[in-house]
Amino acid sequence: MAEHNFDVVILGGGSGGYAAALRSSQLGLSVALIERDKLGGTCLHRGCIPTKALLHSAEVADVTRDAGAVGVQATFQGIDMPQVNKYRDGIVDRLFKGLTGLVSAKDITVVAGEGSLVAPKTISVNGELYTGKNIVLATGSYSKTLPGLEIGGRVITSEHALQLDFVPSKVIVLGGGVIGVEFASIWRSFGTDVTIIEGLPTLVPNEDASVSKAMERAFRKRGINFKTGVRFQGVQQSATGVVATLENGESFDGELLLVAVGRGPNTAGFGYEENGIKMDRGYVLTNERLETSVPGVYAAGDIVPGLQLAHRGFQQGIFIAEEIAGQRPAAIDELGIPKVTYSEPEIASVGLTEAKAAETYGQDNISVYEYNLGGNGKSQILGTAGFVKLIRRNNGPIIGIHMIGSRVGEQIGEAQLIVNWEAFPEEVASLVHAHPTMNEAIGEAHMALAGKPLHAHA
Ligand SMILES: Cc1cc2nc3c(=O)[nH]c(=O)nc-3n(C[C@H](O)[C@H](O)[C@H](O)COP(=O)(O)OP(=O)(O)OC[C@H]3O[C@@H](n4cnc5c(N)ncnc54)[C@H](O)[C@@H]3O)c2cc1C
């Protein structure tokens, strides 16, 4: 058996794995990157990028439908799904080429094939052994389902949903989290009759309660149906459709059922546990240096408990490379990781929700302010509703920012700097925000919280 030796051997070429590879190589380490499918992983091929391309087509459909209201004569005639998919694939292909070029320009050995640990520091791929002074596990995640709910036929996951070459007439979306609401939003814009079923009491239940409420209002207005706080019981498939039943006896029919109940760690069968790596329900446990229970074996991305987001994976990959190179980078603060839900409207948030802040510091020790986008010129021009909600510690910094409205995802950059740099509202209030931008809403909210509101009624 041929044996190859590297400073770093990385299993999985998704967001976490390829970031670790690029940064390791920048730092002069020799790197092998093992990937069984395509570099870029879920995010590039089946996640972030293709869904956002579809959301852009969805936005254009909505804008076209509403064009008359702003004096533009246009007629919405329908969705040409093969063309939507062609547009989406073009973007993915270009980014994939770019990434492949980036990786090959570095001195990274890309190994095609499925690998598994055969010793704590050795991965076997296609009968060859790759031994690393350090190992990075980054094998990503898969779409979960519920016990007894089989995927197949008209019961699909996000991977299948992205491959549809037609617009379904009626869909049931099981799960009102990020992936569920993004697909619900896309399909509604494409003309589909959508019903979301969510077992928890609200849509987007991980967000601040007022954001969840605003999201429900916005979806109701868009004609997206949802049932919350009731558990799914089962589904029957026929040649023409599905009927989903809930535990309260209600049932819903549709052409398809999208199962969007979260993502599970893809770790089974790769020799992790057998080689002494501590796991919990399939997740790889690490310390805050992202090192597993086996010294020199690190883990990044969706297999590490926490937010399953591409930019968290990138950051973890970079962190691990720097740690291996002896740079002792600062540990990643999970609370400071920005989150965006790219539906219409969008949600963008960073830091603590009001409930969490009250639980951590006591309700009397925090102040909360909600700036309504009704007072923001650009939001009025775009015809969007929503708000920027700030949470501060009294006489202290901003500890949470929560936004909802069209395009607010683009505002997350400033929000995350404010929270992560522990800025005081008084400091942000003195910074000038360009007029008229949606970004002004962040400035206005801080001005109001600092006691000097300008375009705010409260
Ligand atoms: C529909 C959808 C939309 C999303 N949208 C967003 C978004 O807008 N923003 C965001 O931040 N995140 C989004 N995500 C989440 C994001 O895609 C993940 O957080 C991210 O891809 C995780 O990166 P990773 O490196 O952990 O895993 P992955 O990207 O899953 O990469 C793991 C890689 O490892 C390979 N692999 C697995 N096992 C082996 C093995 N044994 N041998 C060799 N190779 C192996 C796989 O082929 C894969 O390429 C979305 C996810 C989905 C499903």
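These notebook entries record what I looked up in a predicted model.

**Entry 1. The ligand shell**

I began with the ligand and listed the residues around it. The shell holds 37 residues, and Gly12, Gly14, Gly41, Gly140 and Gly301 come nearest. The most is given by α2, with four residues. By residue class, I noted ten nonpolar, 21 polar and six charged residues in the shell around the ligand.

**Entry 2. The parallel sheet**

I next traced an open sheet of five strands, whose order is β8-β15-β9-β10-β11 and whose pairing is parallel. At its edges I found β8 and β11 (225-228), each of which pairs on one side only. Helix α6 (residues 178-190) packs on this sheet and touches β9, β10 (193-198) and β15. I recorded an angle of about 165° between the direction of α6 and that of β10.

Within the sheet I looked at one pair of strands in detail. Strand β9 (residues 170-174) runs parallel to strand β15 (residues 256-259), and four bridges join them. Here valine 171 stands opposite leucine 256 of β15.

**Entry 3. The antiparallel sheet**

I then turned to an open sheet of three strands, in the order β12-β13-β14, with antiparallel pairing. Its edge strands are β12 (232-237) and β14 (251-254), and each pairs on one side only. From one strand to the next, the twist averages 20°. Between β12 and strand β13 (residues 242-246), which run antiparallel, I noted five bridges. Glutamine 236 stands opposite valine 243 in β13.

**Entry 4. Lysine 144**

Finally, I examined a single residue. Where does lysine 144 lie? I located lysine 144 in the loop between β7 (141-143) and β8 (155-156).

Is lysine 144 buried, exposed or partly exposed? I noted 16 other C-beta atoms within 10 Å of lysine 144. A residue counts as buried at 20 or more and as exposed at 12 or fewer, so lysine 144 is partly exposed.

I also checked which residues are in contact with lysine 144, leaving aside its neighbours within four places in sequence. These are Val261, Gly262, Arg263 and Gly264. As a last entry, I took the C-alpha to C-alpha distance from lysine 144 to threonine 157: the two are 8.3 Å apart in space and 13 residues apart in sequence.

Key: Residues are numbered from 1 along each chain as its sequence is written. This is a predicted model: local features need pLDDT of at least 70, side-chain atom pairs count only at pLDDT 80 or more; totals for chains, interfaces and linings use all residues. Helices (H or I, at least four residues) and strands (E, at least two) are DSSP runs, numbered from the N terminus. Two residues are in contact if their C-beta atoms, placed from the backbone, lie within 7 Å. Two strands pair if DSSP finds at least two bridges between them. Axes are lines fitted to C-alpha atoms, for helices over the stretch in contact, and angles run from 0 to 180 degrees between N-to-C directions. A residue is near a molecule or strand if its C-beta atom, placed from the backbone, lies within 6 Å of it. Ala, Val, Leu, Ile, Met, Phe, Trp, Tyr, Cys and Pro count as nonpolar, Asp, Glu, Lys and Arg as charged, and the others, Gly among them, as polar.
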